[in-house]
Amino acid sequence: MKKIITLYALLAAGFSFSQNIQNNPKSNHGNKFEQLGTILPTPNSYRAASGAPGNAYWQQRADYDIDAFLNEKELRLEGSEQVTYYNNSPDVLNYLWLQLDENQHNPNNESNYFDGSKVTQPLTDVQLDGLDPKKQLKDGGVNILSITDAAGKGLSYTVNYTMMRIDLPVPLKPNQQFVFKVKWNYKIPERMKVGGRGGYEYFEGDGNSLFTITQWYPRMCVYNDYGGWNNKQFTGRGEFALAFGNFKVRMKVPADHVVAATGVCSNYAEVLNPAQLAKWTASQTSDKPVEIVTLEEAKAKEKAPDYTNFKTWNYTAENVRDFAWGSSRKFVWDAMGIKQAGKTVMCMSYYPKESYALYSKYSTKTVAHTIRTYSKYTIDYPYPTAISVEAANGMEYPMICFNYGRTEADGTYTEKTKYGMIGVIIHEVGHNFFPMIVNSDERQWSWMDEGLNTFMQFLTEQEFDNNYPSARGPAYKIVDYMKMSKDQLEPIMTNSENINNFGANAYGKPATALNILRETVMGRELFDFAFKQYAQRWEFRHPTPADFFRTMEDASGVDLDWFWRAWFYDTDPVDISLDSVKAFTLTKGKEVEEKIEPVKINRPDAFDHISKVRNRESGIKFLVDIDTSLRDYYYYNKPAEDDYKAKLTRNENAKLSTMTDEEFKKYENNYYYELIFSNKGGAVMPIIIQWNYADGTSEVERISAYIWRKDENKVTKTFVKYKEVKSIQIDPYRETADINEANNSWPKAEVKTRMEIFKSKRSARFDNNDVNFMQKAKGKK
């Protein structure tokens, strides 16, 4: 005869009671799992419901033929261009809009006045000058000298700050083209003082300058199917979207300058000496960087600058959306060719002596690594060159980018500078893919290029070195931002110009979201396929957020509307709390005596994030292992990792009465754990549980975010285990950006504060008895 056990029945009732709560869709049933519906634009023949370009998709084209003169003596740029604009739209156009970004430095530009400012201490001369833009920016901005049609007849135009409208003499019909010419000049700004992407940097030590000529010519605005003319003003932050086209550019510069530019130089034989030309040829098949212009040559030119003689460098670029260049006698230039998709890509770096020790070792190899890694996850790099220029800042253009990474005078550098330099090179070179090829609208949605690119930067850094200290990507890196008060948070889908915490909102949070999708929600296989589909679908096209969201779902078969809603349209943080744990075992009428012992939670340390673990397990070949010359002092001297300890508190243990011996044998070794979770943050996410057993082993169990679909606030779930559990950790790899780790464990764990972690790191570093570890190193063992 069976004895129906009272507490066993309570356990079963617990299942039933929990289920009834979840099936009752009262106030706990919100809209977090509803489809986005009308939040997204309606699909049409231009943009399909799948996220792909529609069967009637179109985009405009603009070709440029430009002559430029860099007058170093007067610090003035003079230019003339012929633009051929192709109207591929179904619309008749009565006027054209162009961008005049250099009017950012016009003292009358309204954007120089509509931001607030505070007095901070100590004050610098640059800050004081910035309080009076009319004085600081005197004579700044673009001077339009003439605008004519192809026959030289003047055209009517209107300048509206950073935008210029050209009125067409005859409406431009579909499938027609219009040719016009512009002459202009402007005073080149000292960008280190007045800001901006382009300008010059003056080196007091040797009296020379380094010029970065960017956003420098009147450029066509995008005209597209979803927004018409993209003529929103340039205020310095939200960057730009441009039409693709072909460029022919001739740059007349001082004869002792070296020019780096978008595209391919067609007259190296005229501007290089025979020795340099021979090294250029050799670099195309070299497996390591070849110095075409050496450090000694650059130093010699610095001492005897030539302002009276000139050379013209001729460049061509096909199917690019922009053209930028750098020019200086200070440049050292190295290059090497790599094979990518069956063709040679020239990876090159240009840098002054002030960054020689870092750039000669790392820059060009980092460019090559970036091209290879991004190509693996997105599209094969289509261009013939990829260039990194050291210019004390970071900014990107097709085939060329400007980065930072200066050393001390003796060639030493800090660990922070080294990794900061490698990271910014990866990031800016990576922008070739987003948005130079996958051409999203940066003026509207910065996250579509900065966020996606920062995510790819993270993947590339981790394949550079599995111990790379990535600043963004791992979920726990965004926690401090997500902890901020609601009035300081904004949805990712906020317009670029209106974002307060730009770095976190446009770079960090979307990159984190994508990494969570890849590692936690979708899995690498589904995510990587869908992400690659997005890049391939929108290569050399103009995608919108809806195209990205729809493609990721269409190509993976995963409903992600709840995720887009939580991470891109809302500001709720993740805070999943493990509120209580009830442990049940079967006994034959006697109470279980429980031992209370302190244990160490088997939890990965802060440096061992989920991407690092899976990269190691998947056998990725890291660049620092392939090319050991990239290892330096900091590679061999790592800071101590954090030790997380826990205190065990008495759990609640239920008693179960007896059943027949035969039935009891089925269950006598089982352990039942009823866990109650609450969603304190608001954002729904998967629940990741690490079970740490009494025998010292661990197991990670993952539950889909859909567990919250019927009750977004509280969930009760019971698990059967076949050995005793000593502790439980929620989100053990810190992969969901949970803002409160104090409620993630059972028994409750001690969570170290930042100050405690900082102190332990400092102590570990000083234990090395190496002062240089805390100061700087020359990149040696």
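Contact, as the word is used in these legends, means heavy atoms within 4.5 Å. The views below are taken from a predicted model.

**View 1. Helix H15 and the helices that its buried residues pack against.** The buried residues in question are Asp561, Trp562, Phe563, Trp564, Arg565, Ala566, Trp567 and Phe568. Around them, the partners in packing are helix H10 (447–464), helix H12 (502–521) and helix H14 (545–556).

**View 2. The crossing of helices H10 and H14.** Two of the helices that H15 packs against, H10 and H14, are shown here as a pair, with axes that come within 11 Å and cross at roughly 40°. H10 and H14 are therefore oblique to each other. On the H10 side the meeting residues are Trp447, Met448 and Leu452, and on the H14 side they are Pro545, Phe548 and Phe549. Sorted by class, this contact of H10 with H14 holds 6 nonpolar residues, with no polar and no charged ones.

**View 3. The crossing of helices H8 and H9.** Helix H8 (residues 356–377) and helix H9 (residues 415–430) have axes that come within 9 Å and cross at roughly 40°, and the two helices are therefore oblique to each other. The crossing of H8 and H9 is right-handed. H8 brings to the contact Leu358, Tyr359, Tyr362, Ser363, Thr366, Val367, Thr370, Ile371 and Tyr374, which meet Thr417, Lys418, Met421, Ile422, Ile425, Ile426, Val429 and Gly430 in H9. Taken by class, the residues of the contact of H8 with H9 divide into 11 nonpolar, 5 polar and 1 charged. As background for reading such a list of positions, an α-helix has 3.6 residues a turn, so residues three or four places apart point the same way.

**View 4. An open sheet of 4 strands.** The strands follow one another in the order S8-S9-S18-S14, and their pairing is antiparallel. Strand S8 (199–203) and strand S14 (258–261) stand at the edges, where each has a single partner strand, so one side of each is left without a neighbour in the sheet. On average, and with direction ignored, neighbouring strands of this sheet are turned by 15° against each other. The pairing of S8 with strand S9 (residues 208–213) runs in the antiparallel sense over 5 bridges, and Glu201 stands opposite Leu210 in S9.

View 5. With a relative accessibility of 6%, Ile610 counts as buried, because buried means under 20% relative accessible area. Ile610 and Pro474 are 136 residues apart in sequence, while their C-alpha atoms are 7.8 Å apart in space.

**View 6. Asp129 in helix H2, shown with Lys193.** Asp129 lies in helix H2, which spans residues 125–130, and is partly exposed, with a relative accessible area of 43%. Asp129 and Lys193 are 64 residues apart in sequence and, from C-alpha to C-alpha, 8.9 Å apart in space.

Notes: Residues are numbered from 1 along each chain as its sequence is written. This is a predicted model: local features need pLDDT of at least 70, side-chain atom pairs count only at pLDDT 80 or more; totals for chains, interfaces and linings use all residues. Side-chain values use heavy atoms; hydrogens and water are left out. Two strands pair if DSSP finds at least two bridges between them. Axes are lines fitted to C-alpha atoms, for helices over the stretch in contact, and angles run from 0 to 180 degrees between N-to-C directions. Angles under 35 degrees count as roughly parallel, over 145 as roughly antiparallel, 65 to 115 as roughly perpendicular and the rest as oblique. A crossing is left-handed if the near helix is turned anticlockwise from the far one by less than a right angle, and right-handed if clockwise. Ala, Val, Leu, Ile, Met, Phe, Trp, Tyr, Cys and Pro count as nonpolar, Asp, Glu, Lys and Arg as charged, and the others, Gly among them, as polar. Buried means under 20% relative accessible area, exposed over 50%, partly exposed in between (1.4 Å probe, protein chains only).
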